[in-house]
Amino acid sequence: MVRILKDKRIKKFFQQTKKFQTSIILALVGLALVGAGLSFPKVFSSKEEPEFIPSQKTTATENKIFVDVAGAVAKPGVYELDSGSRINDLVNMAGGFAKAADKTWISKNVNLAAKLADGQKIYIPAKGEGSSSVVQTGQVAGEISGKININSATEAQLDSLPGIGPVRAGKIIENRPYSKIGELLTKKVLGEATFENIKDKIAVY
């Protein structure tokens with residue numbers, strides 16, 4: 001009797017289980033999907049993430065200038081120098097003064113501490129040339145006594161020129177450097193009338 005009851009209960013259990021078979025299958029499928037979903041992060045985590053490389057600090061290269069030196073130097077030619085270099089740096093790079101250089105005239109008229117400008121030409125006169133007007137593109141190539149270098153003159157020196165007051169002197173200084181005196185016109189620093197008054201009193205070197 002007891003066995004019959006057990007058989008009936010088992011049979012009833014399977015019958016009830018059969019009714020919920022679809023639900024059980026769906027639940028198992030859901031559990032499988034959830035399990036798979038939990039494993040996705042691990043799968044994706046194995047992929048290489050984009051690597052962010054900080055930009056390297058590039059040191060700004062110094063501005064370079066090119067200057068032509070001719071005349072009584074050991075190695076005349078065009079030289080590349082750092083911006084802000086002086087005539088003395090150029091002469092040294094060119095191998096120094098030649099034996100024929102008029103050192104007496106140079107010591108009186110050439111300011112070796114003067115700054116150079118890009119595209120500038122420096123002429124070092126030989127003995128016998130210092131007193132003559134060595135011309136470069138309509139200008140004196142070397143430093144001629146009595147002329148004011150508009151690339152290195154102080155405001156007071158520029159103010160001493162006819163028609164140049166503190167305002168114009170400041171404008172000349174503000175627009176440096178110059179590769180030729182004519183740039184006072186092309187850079188619109190001075191008007192033609194004022195430029196004509198001072199062009200024979202100024203130089204660029």
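An open sheet of three strands, with mixed pairing, runs in the order β2-β1-β3; strands are DSSP runs of E of at least two residues, helices are runs of H or I of at least four residues, and both are numbered from the N terminus. Because β2 (77–82) and β3 stand at the edges with a single partner strand each, one side of each has no neighbour in the sheet. From one strand to the next, the twist averages 30°, where axes are lines fitted to C-alpha atoms and angles run from 0 to 180 degrees between N-to-C directions. Six bridges join β1 (residues 64–71) to β2 in the antiparallel sense; two strands count as paired if DSSP finds at least two bridges between them. Ile 65 stands opposite Leu 81 in β2.

The model is predicted, with local features requiring pLDDT of at least 70 and side-chain atom pairs pLDDT 80 or more, while totals for chains, interfaces and linings use all residues. Residues are numbered from 1 along each chain as its sequence is written, and side-chain values use heavy atoms, leaving out hydrogens and water.

The loop between α4 (103–109) and β3 (121–124) contains Gln 120. Gln 120 is buried, at a relative accessible area of 2% (buried is under 20%, exposed over 50%, partly exposed in between, with a 1.4 Å probe and protein chains only). Leaving aside residues up to four places away in sequence, Gln 120 touches Phe 66, Val 67, Asp 68, Lys 115, Val 204 and Tyr 205, contact meaning heavy atoms within 4.5 Å.

Lys 188, in the loop between α7 and α8 (192–198), is exposed at 67% relative accessibility. Its phi is near 60°, a positive value in a residue other than glycine.
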